[in-house]
Amino acid sequence: MSIPKIHEGEYRFCLILWEHEPVTAVELAKLCDKELGWKRTTTYTIIKRLGERGVLKNENGTVTSLVSKDDAQSYEIDELLEKKFEGSLPAFLAAFTRRQDVSDTDLDELQAMIDRARKGGGK
């Protein structure tokens with residue numbers, strides 16, 4: 001399945017949607033005003049745009065996502081790896097660990113993911 005591109009401001013909107021869905025467009029506009037400082041018309045424009053691109057659906061004033069948060073994040077990571085690291089996960093991790101302290105807890109979690117992947121467990 002092809003994931004439509006979700007731009008930065010749209011992604012912040014989607015975070016609100018994912019947390020509250022299903023949610024009415026009216027309530028979503030109130031949440032976006034509170035959390036993003038958006039006017040009602042801005043929220044409705046984003047709902048319309050993302051609906052046209054297949055990211056969400058607005059059915060009788062109730063908004064639900066068609067793209068999950070996990071799928072959107074996976075798409076962004078894949079795009080980042082391709083554009084900036086020539087598709088190399090080790091190159092990405094090397095760059096990340098040069099700039100960030102990685103705790104023993106994080107390393108243990110990463111190792112557990114690697115172990116599951118080697119066993120064919122994926123997540």
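Trainee: Is Trp 18 buried or exposed?

Mentor: Trp 18 is buried, because its relative accessible area is 13%, where buried means under 20%, exposed over 50% and partly exposed in between, with a 1.4 Å probe and protein chains only. Keep in mind that this is a predicted model, in which local features need pLDDT of at least 70, side-chain atom pairs count only at pLDDT 80 or more, and totals for chains, interfaces and linings use all residues. Residues are numbered from 1 along each chain as its sequence is written, and side-chain values use heavy atoms, without hydrogens and water.

Trainee: OK, and how many aromatic pairs are there?

Mentor: There are four aromatic pairs, if rings of Phe, Tyr and Trp (its six-membered ring) pair when their centres lie within 6.5 Å, with planes under 30 degrees apart called stacked, over 60 edge-to-face and the rest tilted. One of them joins Tyr 11 and Trp 18, which is edge-to-face because the planes stand at 70 degrees, with the centres 5.7 Å apart.

Trainee: What about Phe 92 and Phe 96, how are they arranged?

Mentor: Phe 92 and Phe 96 are a stacked pair, 6.3 Å centre to centre with 25 degrees between the planes, and together with Phe 85 they form one aromatic cluster.

Trainee: Where do Phe 92 and Phe 96 lie?

Mentor: Both are in helix H5 (residues 89–99), four residues apart, or about one turn of the helix; helices (H or I, at least four residues) and strands (E, at least two) are DSSP runs, numbered from the N terminus.

Trainee: Switching topic, which helix holds Asp 108?

Mentor: Asp 108 belongs to helix H6, residues 104–118, and is exposed, since its relative accessible area is 54%.
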